[in-house]
Amino acid sequence: MYKYIFSFIVYLVLVISYLLSQYNSKLLIQEQNLGNSAIRSFDAVHNSFELLNDSYHNQNESKMAYIIKDVSEASLITRDKIRYKLREEFTAFCNDRKLANLKTFHIFDKNGASILRFHKLEKYDDSLLSIRESLMKMSNSLKFQEGFEVGKYTTTYRFQYPLFYDGEFVGSYEFGIEFDAIDKEMQKIFGIKNVLFIQEENIRNIYDKKILKDLYRKIEINHKTFYMLKTKMNSEISNRFKELINVKKTVKTSNDKTTFTRFSYAKKDYIAIATPITDINGKYLGFILTGVEDTMLEVILRTFIEELIFSLLFGLLFIYLVYKELEYRKYIRNIIDTQHDILIVTNDKKIIDANQAFLDFFGFKNIKSFLKNGNECICNYFLKEDGYIQKNMNGLNWIEHVNTHLEELNVAILKDINQENRYLKIEIEPFEKSDNFVILFKDVTDELQKQQELENKAYYDKLTNIYSRERFDYFLDKKLNQKREFSLIMFDIDHFKLVNDKYGHDAGDSVLKELTKLVSEHIREDDVFARWGGEEFMVIVNTDISKAEKFANKLRAVIDNYKFKYVEDVTCSFGVVGYKSFDKLDTIVKRADNMLYTAKNSGRNCVVVLN
């Protein structure tokens, strides 16, 4: 029981770990989607401003370049005239652009000196090249550029355009958009509120402490000093992010990626998205903090709890079913292991499972140790002996052979742990919809031994221990059915009755034993030698009649020259019959008997042949 409790605990730990990873993954995906939405919202606003500015630039670039083409080398009086001309040409446009959230409209000569600030008309002719990195970059690249830049009085997003007359750089101008305008447009698109944070080192251009205090609020975040840009939405944002600012150490900032912070305020969940921003030169400037109400957190949390409860119930049910299944298998295993017969499951190449009787038979502790032994198939243990199942038989493996010879007694010989030969009857049952087989090996050693003893009594003559007349009839009938040429030799002992009368029946029995032993030593292995009755004997030889005649004469001579124990002079008469036609058993035997009769009447110790 403890292992099931432990398994459930392990399952529970894995499930909780997985669900937590899924929970965090969903939060991460949600954060990424919100972050991408914030970025897309900013990009949409930025693109709308850029399209307006590009449109104006395409319409007025040549006019503005023409007006300022000589301003860099002009006298102060001439510069004033050019400035007046610019005001006259572009004031109406500037007023229209203010309605479209334009904060600054600033024109520079090619040396980076201010020609005209439409947002601050009283200030001009000051050189900004040394304090404005964007102007320095413009003078070097002479290309359009854009980005956030911290100015002396505010932080704006600037679009800077170079001006050329007859292919010569004559100056530049820029449009500045307040962050408050960007925030307002982002709210229209996405319904979110934003705060701009500038890292302390990027505020160095603002020398006036009063201006700095009016424009920014100083905040420490993760041991770094940032300045929050004040906007018209400051009061609402400050209230909404009050708790966030109080626990500002939880706000994560990064120079290269968007980060997220979750917090609660007024019983609502929020996500603060910190999106890093760079200036025109690509340098890290700070980040835009976007606040979004987190409506999905409760859904994700509820889903997590529901999945956890479902997983716990499923786990309990699964463990219970596994417990019942294993207990049932254990019960079945106990039943199988109580079987005295060997039972295996195999795919005819490798044993998959086996019962205890199998392990006890071979002396293995478990099936793994058997497989490690190198002989994965039980057929590798079959002993080679004619008439018994081998690994391969007539082109079939042993399982195929047994399945195609179900009517036969399929027995294999195997050595047990004591190295004794055991005769095992094979019974096979296939699995449905599987290549596996259940194979039962029943030990029939004792039965076969008893059967062998009975067969010996029926098949062998008790006195001489050669085949009996009944067994001889079996072999002779089998030869006839094969319809192949063979010969039959029938012989008996001449005047055997006189031997019994003169020397006694014991001496006669001794002569019969000695004679059968002598003949057995001289016949071939495939010949069949049997006692036909009394002193009469039969031999089936697989030769034609001429060779059989020679063989009969050989046997006759061997018997003539042999010295028997009780009777010195023993001779035999032989009759030989050749088989070429489809004779019946009684016909050929009758012929042989006639030949023997003829031989005996023809004289002692002779061979008579009938083709």
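Rings of Phe, Tyr and Trp, the last represented by its six-membered ring, are taken as a pair if their centres lie within 6.5 Å, and planes over 60 degrees apart make the pair edge-to-face. In this predicted model, the count by that rule comes to 47 aromatic pairs.

Begin by selecting Phe-361 and Phe-362, which form an edge-to-face aromatic pair, with 5.0 Å from centre to centre and 75 degrees between the planes. Phe-361 counts as buried at 11% relative accessibility, and Phe-362 counts as buried at 12%.

Next, select Phe-382 and Trp-398, an aromatic pair that is edge-to-face, with centres 5.3 Å apart and 90 degrees between the planes. Because Phe-382 lies in the loop between helix 10 (367–372) and strand 14 (392–393), while Trp-398 belongs to helix 11 (residues 398–404), the pair ties together parts that are 16 residues apart in sequence. Phe-382 is buried, with a relative accessible area of 7%, and Trp-398 counts as buried at 1% relative accessibility.

The last stops concern charges placed over rings. Select Tyr-66 with Lys-69, and you will find the charged end of Lys-69 over the ring of Tyr-66, 4.0 Å from the ring centre. Then select Tyr-459 and Arg-471, where Arg-471 lies over the face of Tyr-459 at 3.8 Å from the centre of the ring.

Conventions: Residues are numbered from 1 along each chain as its sequence is written. This is a predicted model: local features need pLDDT of at least 70, side-chain atom pairs count only at pLDDT 80 or more; totals for chains, interfaces and linings use all residues. Side-chain values use heavy atoms; hydrogens and water are left out. Rings of Phe, Tyr and Trp (its six-membered ring) pair if their centres lie within 6.5 Å; planes under 30 degrees apart count as stacked, over 60 as edge-to-face and the rest as tilted. Buried means under 20% relative accessible area, exposed over 50%, partly exposed in between (1.4 Å probe, protein chains only). Helices (H or I, at least four residues) and strands (E, at least two) are DSSP runs, numbered from the N terminus. A charge sits over a ring if NZ of Lys or CZ of Arg is within 6 Å of the ring centre and within 35 degrees of the ring normal.
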